[in-house]
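Let's take a walk through a protein chain together. Keep the sequence and the 3D view side by side as you read.

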Amino acid sequence: MTNPTPDNQEAIEKVRDLIKGIDTAMLTTVSEEGLVSRPMKTQDIEFDGDLWFLTKKDTEKFHELLQNRQVNVAYAGKSFVSIRGEAELVNSTEKLKELWNPVYEQLLETNYDDPNLVLIKVQAEAAEYWDAGNRFKMARFLFRRLMGKNNEGTNMNRTVELD
């Protein structure tokens, strides 16, 4: 991530707060048949504008990313966040070692020094979120919508530029 502006930094911090603690994300890639979404384990690192995932080189998602780097990552938990970005395939044993979690040994049936492992780095370009974690805000948002009023100022649903 390049040096963010104050507005971008605020957006990054908001997205970081919303996705923190959500263990699984859905990564959407583009295949020859269309869009494909797969569950991916969220890394235990703070979101700074980049998202990191692990995969194997002998998977369809790896080959799809070689053809088209545009992706979407969706999080659902206490809030809902959809992040659009560009993926990069990164071969780095040091970064793999840094991100490695014993869960991967069972999930991927391998260890961090497997040459078939590769990192997916998603540089976030924009995010849209629905902040459902605050019950008062959610009630206000739904009430205004039911009354046919403008929801401006509720900040329940926003799209922010991250790059």
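We will start with the strands, move on to the nonpolar cores, and end with the aromatic rings.

This is a predicted model, in which local features need pLDDT of at least 70, side-chain atom pairs count only at pLDDT 80 or more, and totals for chains, interfaces and linings use all residues. Residues are numbered from 1 along each chain as its sequence is written, and side-chain values use heavy atoms, with hydrogens and water left out.

Begin with strand 4 (70–76) and strand 5 (80–90). Helices (H or I, at least four residues) and strands (E, at least two) are DSSP runs, numbered from the N terminus. Strands 4 and 5 run antiparallel and are joined by seven bridges; two strands count as paired if DSSP finds at least two bridges between them. A hairpin of three residues connects strand 4 to strand 5, and V71 has G85 in strand 5 as its bridge partner. Strand 5 also runs antiparallel to strand 6, with 11 bridges between them. Here L89 has I120 in strand 6 as its bridge partner.

Now look for the nonpolar cores. A nonpolar core is a set of buried Ala, Val, Leu, Ile, Met, Phe, Trp, Tyr and Cys residues joined through side-chain atoms within 4.5 Å. Buried means under 20% relative accessible area, exposed over 50%, and partly exposed in between (1.4 Å probe, protein chains only). In soluble globular proteins, nonpolar side chains tend to be buried together. The largest core here has 26 residues, and L51, F53, Y75 and V81 touch the most other members. Among the elements that each supply at least two residues of this core are helix 1 (6–19), strand 1 (24–30) and strand 3 (50–56). A second, separate core of 10 residues includes W100, Y104, L117 and L119.

Which rings pair up with W100? Rings of Phe, Tyr and Trp (its six-membered ring) pair if their centres lie within 6.5 Å; planes under 30 degrees apart count as stacked, over 60 as edge-to-face and the rest as tilted. By this rule there are two aromatic pairs. The rings of W100 and Y104 have centres 5.3 Å apart and planes at 45°, so this pair is tilted. W100 and Y112 form an edge-to-face pair, 6.3 Å centre to centre with 65° between the planes. W100 is buried, with a relative accessible area of 16%, while Y112 counts as partly exposed at 29% relative accessibility.
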